[in-house]
Amino acid sequence: MLDEAYGQIPPESLKKERFEMPRLQTMVQGNKTIIVNFSKIIKDLQREEKHALKYFTSQAASAANIEGGRMILKGVFSQQELQGFLEDYIRRFVLCRECSRPDTKITEQKGVKILKCSACGAFTAIKE
Ligand SMILES: [Zn+2]
């Protein structure tokens with residue numbers, strides 16, 4: 001019983017008081033921009049790669065794919081620009097509106113996407 005309850009507490013919430021924005025590592029190769037640590041960051045955020053990829057491509061108005069954990073985006077973008085997309089993504093789809101923690105899950109209710117926080121229990125509708 002105890003083990004089970006303990007297992008449900010995300011380890012991040014035990015040691016971290018404030019969420020730190022992860023930093024994208026990017027590099028430009030010809031007319032493409034590569035986000036080297038894309039999959040790792042999205043995995044750490046416990047979001048789906050596909051969902052984040054869709055957000056990035058619509059923000060960048062470009063096409064991208066994921067290869068070996070890296071996002072390969074058509075066009076040349078600066079680190080700052082892509083970092084901005086990531087931070088917007090995190091604010092919209094990861095951080096709890098109430099307590100600003102990242103311990104959230106996206107669920108769906110009657111076709112509406114809901115961001116549910118496992119730290120404080122708050123839930124808010126997400127606008128795509
Ligand atoms: Zn919360």
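Hi everyone, this is a short tour of one protein chain, from its overall layout down to two of its residues.

A word on the model: it is predicted, so local features need pLDDT of at least 70, side-chain atom pairs count only at pLDDT 80 or more, and totals for chains, interfaces and linings use all residues. Residues are numbered from 1 along each chain as its sequence is written.

Let's start with the layout. The protein chain has five helices and seven strands; these are DSSP runs, numbered from the N terminus, with helices being H or I of at least four residues and strands E of at least two. From the N terminus on, the order is α-α-β-β-α-α-β-β-α-β-β-β.

Of the 128 residues in the protein chain, 19% are buried, where buried means 20 or more other C-beta atoms within 10 Å of the residue's own, with C-beta atoms placed from the backbone.

Now the core. The largest nonpolar core has 13 residues, and Ile35, Phe38, Phe56, Met71, Leu73 and Leu82 touch the most other members. Such a core is a set of buried Ala, Val, Leu, Ile, Met, Phe, Trp, Tyr and Cys residues joined through C-beta atoms within 7 Å. Two or more residues each come from α3, α4 (49-60), β4 (70-74) and α5 (79-93).

Leaving aside neighbours within four places in sequence, Leu82 is in contact (backbone-placed C-beta atoms within 7 Å) with Leu24, Thr26, Ile35 and Phe77.

Finally, Ile41, in helix α3 (residues 38-44). Ile41 is buried because 22 other C-beta atoms lie within 10 Å. Arg23 sits 18 residues away along the chain, with its C-alpha atom 8.3 Å from that of Ile41.

Notes
A residue is buried if 20 or more other C-beta atoms lie within 10 Å of its own, exposed if 12 or fewer, and partly exposed in between; C-beta atoms are placed from the backbone. Two residues are in contact if their C-beta atoms, placed from the backbone, lie within 7 Å.
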